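Please look over the sequence and the model below before reading on.

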Amino acid sequence: QLYCLLLRLPRDVVPDIRAICMEELGMWMKTYAASFLTDSYLKYIGWTLYDKQWEVRLQCVKALQGLYGHRDTAAHMEFFTRRFKSRMVSMVLDKELSVAVEVVKLLTLMLENMEEALTDEDCQSVYPIVFVSNRPLATAAGIFLYRR
């Protein structure tokens, strides 16, 4: 069943279906890490970080928060992190503010659970966000700065 969903994912024209797939895949990775927390499944989340629809990007980021939020699962994310870190860092400037807020929260989880994952240069991309006029985004950036 999962394989059928993943085969459809890149071709599906309905953003809601892609978003639901990402949400479910993230849950399965947390629940059944031995089977699903592998690069062959993580790549689907990484690819959809580039989706044109903000709802899909948001679900990807939330799925990743569930994985980076625990040291044991974050430890399995090294290859994924190297491959997609630049995209995640760039998403702090996402045009959809709710996505940007969740990305800053994701980067905070990465700071806490994966030492050395973020370079000084990566962190410097987040620092100016403290001064934006959007309060939730500025607050998330402030928490990031405090934890750094």
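## The crossing of H2 and H4

In this predicted model, helices H2 and H4 cross in a left-handed manner. Helix H2 covers residues 15-31 and helix H4 covers residues 39-48, and the two pack at an angle of about 145 degrees, with 11 Å between their axes. On the side of H2 the contact is made by Met22, Leu25 and Met29, while H4 brings Tyr41, Leu42, Tyr44, Ile45 and Thr48 to it. Sorted by class, this contact of H2 with H4 consists of 7 nonpolar residues and 1 polar residue, with no charged residues.

## Thr48 in helix H4

Thr48, which is found in helix H4, is one of the residues that make the contact with H2. Is Thr48 buried or exposed? With a relative accessibility of 9%, Thr48 counts as buried, because the limit for that class is under 20%. A polar atom of the side chain of Thr48 lies 3.1 Å from the backbone oxygen of Ile45, and Ile45 is itself among the residues of H4 that take part in the contact with H2.

Arg57 belongs to helix H5, which spans residues 54-68. Although arginine is counted as a charged residue, Arg57 is buried here, with a relative accessible area of 4%. A polar atom of the side chain of Arg57 lies 3.2 Å from the backbone oxygen of Lys52.

Side chains of opposite charge can pair when their charged atoms come close. The structure holds 7 salt bridges, and three of these pairs are described here in turn.

Glu115 forms a salt bridge with Arg71, and their closest N and O atoms are 3.0 Å apart. Because Glu115 lies in the loop between helix H8 (97-113) and helix H9 (120-124), whereas Arg71 lies in helix H6 (residues 71-74), the pair ties together parts of the chain that are 44 residues apart in sequence. Glu115 is exposed, having a relative accessible area of 57%, and Arg71, at 47% relative accessibility, counts as partly exposed.

A further salt bridge joins Lys85 to Asp122, with 2.8 Å between the closest N and O atoms. This pair also links distant parts of the chain, for Lys85 is in helix H7 (residues 78-90) and Asp122 is in helix H9, 37 residues apart. Lys85 and Asp122 are both buried.

Arg147 forms a salt bridge with Glu112, in which the closest N and O atoms are 2.5 Å apart. Arg147 lies in helix H10 (residues 135-147) and Glu112 in helix H8, so this pair ties together parts that are 35 residues apart in sequence. Arg147 counts as partly exposed at 46% relative accessibility, and Glu112 likewise counts as partly exposed, at 28%.

Key: Residues numbered from 1 in each chain as written. Predicted model: local features only at pLDDT ≥ 70, side-chain atom pairs only at ≥ 80, totals over all residues. Heavy atoms only, no water. Axes fitted to C-alpha atoms, helices over the stretch in contact; angles between N-to-C directions. Helix = DSSP H or I, 4+ residues; strand = E, 2+ residues; numbered from the N terminus. Left-handed = near helix turned anticlockwise from the far one by under 90°. Contact = heavy atoms within 4.5 Å. Buried < 20%, exposed > 50% of the residue type's maximum accessible area, 1.4 Å probe, protein only. Polar contact = N/O pair within 3.5 Å; in protein donor to acceptor, adjacent residues only side chain to side chain. Salt bridge = Lys/Arg side-chain N within 4 Å of Asp/Glu carboxyl O.
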